[in-house]
Amino acid sequence: MLLPVAITTAWLSLIIGARYLLVAGGVWWLLWGRANDLGRRLNRDRPSRKLMLHEVRYSLLSTPIYALPAAIALEAWKAGGTKLYLDPAAYPLWWLPLSFVLLLIVQDTHYYWTHRLLHHRSLFPWAHAAHHRARDPSPFASFAFDPAEAVLTAWLLPVLAFVVPLNIWMLAVLLTVMTASAVMNHCGWELWPDRWVRSGPGSQFITATHHSRHHTHMKTNFGLFFRVWDRLCGTDAMPEIRDQPGLK
């Protein structure tokens with residue numbers, strides 16, 4: 001069992017690392033590597049080469065930490081030891097979107113409280129400081145975690161695979177959404193219209209405008225996908241329009 005897990009961890013690490021570099025690098029090139037009118041700039045400063053190398057280094061250090069629990073779940077699935085399933089028709093089709101939404105809610109809840117814990121002054125310096133190297137992150141900051149933070153967040157989905165029926169293809173879509181959300185929320189630009197971000201249904205979701213404030217005011221905005229926990233716990237805040245470089 002140990003050898004298959006080690007092999008799967010190795011190739012998953014390569015896949016996760018390559019996906020990260022491709023997506024984050026592509027977003028950086030689109031938004032920072034050339035003149036563009038794709039959105040509204042949030043960062044006051046252009047990400048430096050030194051900062052981006054720091055973010056890439058910590059992201060790649062986190063890669064095998066995320067790959068190991070996933071590899072354990074995959075090898076257990078091959079042996080029939082999980083509730084993962086391949087055929088979408090194995091369960092009612094309505095379970096696919098429902099399980100997707102439920103996983104978003106569970107992840108968001110887990111991340112909010114874990115994130116707040118990591119900001120405790122006794123944990124922050126060695127468990128979360130790498131992610132906050134600069135107040136203006138780049139797309140490469142999306143997975144730039146200290147090893148301790150990666151350990152705390154890497155296990156959730158693999159553990160759920162042992163207790164909740166989850167379709168493999170639905171998980172692939174979920175991982176794609178997670179990656180896109182993390183990269184876009186750290187990219188330093190807001191691509192959604194400001195009216196959508198600040199009112200109506202759009203104001204229930206976390207976007208780059210909301211998360212960028214966490215990097216400048218670290219006692220606010222701890223959520224992952226939704227603003228509900230921040231609102232319930234009094235940690236929700238949006239930057240003033242006059243404070244946003246792109247709206248001067």
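**Close-up 1. The lining of the largest cavity.** Leu42, Asn43, Pro137, Asn185, His186, Gly188, Ala208 and Ser212 line the largest cavity. Here a cavity is a set of points, on a 1 Å grid over the protein atoms alone, where a 1.4 Å probe fits but cannot get out, and lining residues have an atom within 4 Å of a point. The model is a predicted one, so to speak of local features takes a pLDDT of at least 70 and side-chain atom pairs count only at pLDDT 80 or more, while totals for chains, interfaces and linings use all residues. Residues are numbered from 1 along each chain as its sequence is written, and side-chain values use heavy atoms, with hydrogens and water left out. The space in this largest cavity is about 40 Å³, with volume taken as the space filled by probe spheres set on the points, and grid points joined across faces, edges and corners. Counting cavities of 30 Å³ or more gives 1. By class, its lining has 3 nonpolar, 5 polar and no charged residues; Ala, Val, Leu, Ile, Met, Phe, Trp, Tyr, Cys and Pro go down as nonpolar, Asp, Glu, Lys and Arg as charged, and the others, Gly among them, as polar.

**Close-up 2. The largest pocket.** About 1,200 Å³ of space sits in this one. A pocket, unlike a cavity, is an open set, with protein on both sides within 12 Å along at least five of seven lines. Its lining runs to 44 residues, and those nearest the centre are Arg19, Tyr66, Leu157, Leu175 and Met178. Helices α1 (2–31), α2, α3 (95–118), α5, α6 (156–160) and α7 (168–185) each put in at least two lining residues, helices being DSSP runs of H or I with at least four residues and strands runs of E with at least two, numbered from the N terminus. The top contributor is α7, with 11 residues. Sorted by class, the lining has 28 nonpolar, 15 polar and 1 charged.

**Close-up 3. The second largest pocket.** Roughly speaking, look for about 330 Å³ of space here. It is lined by 17 residues, with Ser181, Trp192, Phe205, Ile206 and Thr207 closest to its centre. Both α7 and strand β4 (189–190) supply at least two lining residues each, and the largest share, 5 residues, comes from α7.

**Close-up 4. Helix α2 against helix α5.** Helix α2 (residues 49–78) packs on helix α5 (residues 147–154) at about 20°, the axes being 9 Å apart. Axes are lines fitted to C-alpha atoms, for helices over the stretch in contact, and angles run from 0 to 180 degrees between N-to-C directions. That makes α2 and α5 roughly parallel (under 35 degrees; over 145 is roughly antiparallel, 65 to 115 roughly perpendicular and the rest oblique). From α2, Ser62, Ile65, Tyr66 and Pro69 meet Pro147, Ala150, Val151, Thr153 and Ala154 of α5, contact meaning heavy atoms within 4.5 Å. These contact residues divide into 7 nonpolar, 2 polar and no charged.

**Close-up 5. Helix α3 against helix α5.** The axes of α3 and α5 come within 11 Å and cross at roughly 155°, so the two helices are roughly antiparallel. On the α3 side, His110, Tyr111, Thr114 and Leu118 touch Glu149, Leu152 and Thr153 of α5. This contact splits into 3 nonpolar, 3 polar and 1 charged.
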